[in-house]
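Please have the structure open as I speak.

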Amino acid sequence: WGLQIGQLIAQIEDEAPDLLEPEGKASLDMSDLQTWYPRASARSKDDQDFLDRARVATADLQAGQAAYMSLWQRIRDVSSQSLLRDYGRLGVSFDQWYGESRYQDDLEEITKDLLDEGTAEVNDGAVIIRMPDELDLPPLILQNSKGSFGYGSTDLATIADRLRHDDPDIILYVVDARQKTHFQQVFKAAERAGFLTKTHLEHIAFGTVNGTDGKPFKTRAGGVMRLQDLLDNMSAAAKVRLDEVGQITGPLSETVAEEIATAAIKFGELIHDRESNYVFDVEQFLRFEGKTGPYLQYSIVRLRSLLSRAADAGLNPGDLVEFDQRGRQLALRLGEFPATFERAVEKRKPNIIAHFAFDLANAANSFYQSNQILGSTTEDSVKRSHLRLLEAANHSLSVCCGLLGLAIPKEM
């Protein structure tokens with residue numbers, strides 16, 4: 001809805017003007033947008049005339065110009081369908097699906113109100129909110145000198161809307177760390193405007209994803225990696241791993257490969273401190289051993305299989321009795337979960353849960369390997385005690401995977 005859309009519209013006017021014709025039937029899909037937008041962005045850096053056209057297009061769109069509005073709606077629909085498809089593969093859904101455009105009708109009013117009350121001021125034709133001197137921040141621009149509204153006004157209108165409809169205690173912004181300055185400006189502006197009587201605003205910053213060469217993660221051709229392509233590539237690689245093992249075949253193999261691929265991506269992201277940059281290594285993330293999503297999945301599948309086979313043999317978890325040092329270590333690790341969860345919430349860092357889950361899986365596997373249950377001559381009371389401990393480990397690991405968004409395959 002902002003300048004990026006104006007850039008895209010200006011590029012389409014040059015490359016596919018038929019899309020702007022009334023009742024135009026020219027096709028438009030995600031690959032078109034992913035081709036045109038990088039070109040438009042690059043042109044804006046070197047071609048001042050093109051950038052000026054993009055700014056005019058942005059202002060005209062925001063003013064409701066019919067042809068631009070129609071094209072924007074098509075761009076929005078195509079983009080939304082693509083995003084919902086890819087997020088669906090990750091098991092992510094949305095309670096609200098609002099865009100920047102939702103607040104367009106509020107921007108003029110909120111800017112006027114902020115001017116009237118003295119929170120905002122006109123400076124060289126633009127409307128701005130100055131930051132306190134001690135913060136050493138540039139002013140937040142609400143409206144530029146050409147009349148276009150920017151992210152500053154949209155974000156303030158969004159806050160006002162959320163306060164009005166949701167009355168939240170806290171709003172978390174999960175956005176790239178490079179937007180730190182912007183959110184400092186927005187939060188301070190919201191405070192100056194008197195919006196924040198009880199609501200706390202917090203920027204949950206995250207770092208960048210790099211390739212194994214240490215540079216920002218890209219395709220082999222040097223372009224930005226699309227999530228769809230990443231998911232497809234990871235799923236295909238996981239299928240190869242399953243075929244090598246050869247224990248799962250048929251349609252189930254495709255399902256399990258997808259579950260392994262998404263777990264590899266999610267855990268590979270979440271095991272790292274969110275504020276740090278990290279290397280995305282496909283080979284490393286897909287391993288069935290080490291700090292990986294597939295290792296957690298395999299550990300749980302293995303525990304569930306043991307508990308199921310024990311039940312079939314008439315052996316169910318019982319009371320805990322004395323166990324060895326590995327059992328003690330597992331029990332102590334299980335006892336750490338409540339405090340671990342609280343710390344992860346307090347710091348807004350899922351890597352705390354990811355590391356705990358890995359350590360817990362290690363402890364469970366170590367205990368499992370050193371204490372044979374099925375087929376052993378150990379007393380049933382001891383076997384049942386061991387099953388109880390492993391049942392607790394399976395439960396806690398399953399909770400951790402649920403919190404991290406990792407699906408557990410039926411087989412592995």
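Let me begin with Arg348, which counts as partly exposed because its relative accessibility is 25%, where buried means under 20% relative accessible area, exposed over 50%, and partly exposed in between, with a 1.4 Å probe and protein chains only. Arg348 sits in the loop between H13 and H14, and although this residue is not a glycine, its phi is positive, about 60 degrees. Helices here are DSSP runs of H or I with at least four residues, strands are runs of E with at least two, and both are numbered from the N terminus.

A word on the basis of all this: the model is predicted, so that local features need pLDDT of at least 70 and side-chain atom pairs count only at pLDDT 80 or more, while totals for chains, interfaces and linings use all residues. Residues are numbered from 1 along each chain as its sequence is written, and side-chain values use heavy atoms, with hydrogens and water left out.

Asp167 is another residue other than glycine with a positive phi, in this case near 50 degrees; it is found in the loop between H6 and strand S4 (170-176), and it is partly exposed, with a relative accessible area of 48%.

Stepping back, the chain holds 15 helices and seven strands, and of its 412 residues 42% are buried.

Now to the interior, where by a nonpolar core I mean a set of buried Ala, Val, Leu, Ile, Met, Phe, Trp, Tyr and Cys residues joined through side-chain atoms within 4.5 Å. The largest such core has 37 residues, and those touching the most other members are Phe267, Leu296, Leu330, Leu387, Leu390, Leu397 and Leu406. At least two residues of this core come from each of helices H9 (251-270), H11 (293-312), H12 (325-335), H13 (337-347), H14 (351-370) and H15 (380-404), and H14 gives the most, with 12 residues.

Which residues is Leu397 in contact with, leaving aside its neighbours within four places in sequence? Taking contact as heavy atoms within 4.5 Å, the partners of Leu397 are Leu296, Ile300, Leu303, Ala357, Leu360 and Ala361. Apart from this core lies another, of 27 residues, which includes Leu137, Leu140, Leu142 and Phe187.

Turning to the sheet, three strands form an open, antiparallel arrangement in the order S1-S2-S3, where two strands pair if DSSP finds at least two bridges between them. Strand S1 (121-123) and strand S3 (140-143) stand at the edges with a single partner strand each, so one side of each is left without a neighbour in the sheet. Strand S2 (residues 126-129) is joined to S3 by three bridges, and the bridge partner of Ile128 in S3 is Ile141.

Two helices pack on this sheet, both touching S2 and S3. The direction of H6 (residues 151-165) makes about 85 degrees with that of S3, whereas for H7 (residues 180-192) the angle is about 70 degrees; axes are lines fitted to C-alpha atoms, for helices over the stretch in contact, and angles run from 0 to 180 degrees between N-to-C directions.

Finally, Ser235, found in helix H8 (residues 227-245), counts as buried at 14% relative accessibility. Beyond its neighbours within four places in sequence, Ser235 is in contact with Arg89, Ala257, Glu258 and Ala261.
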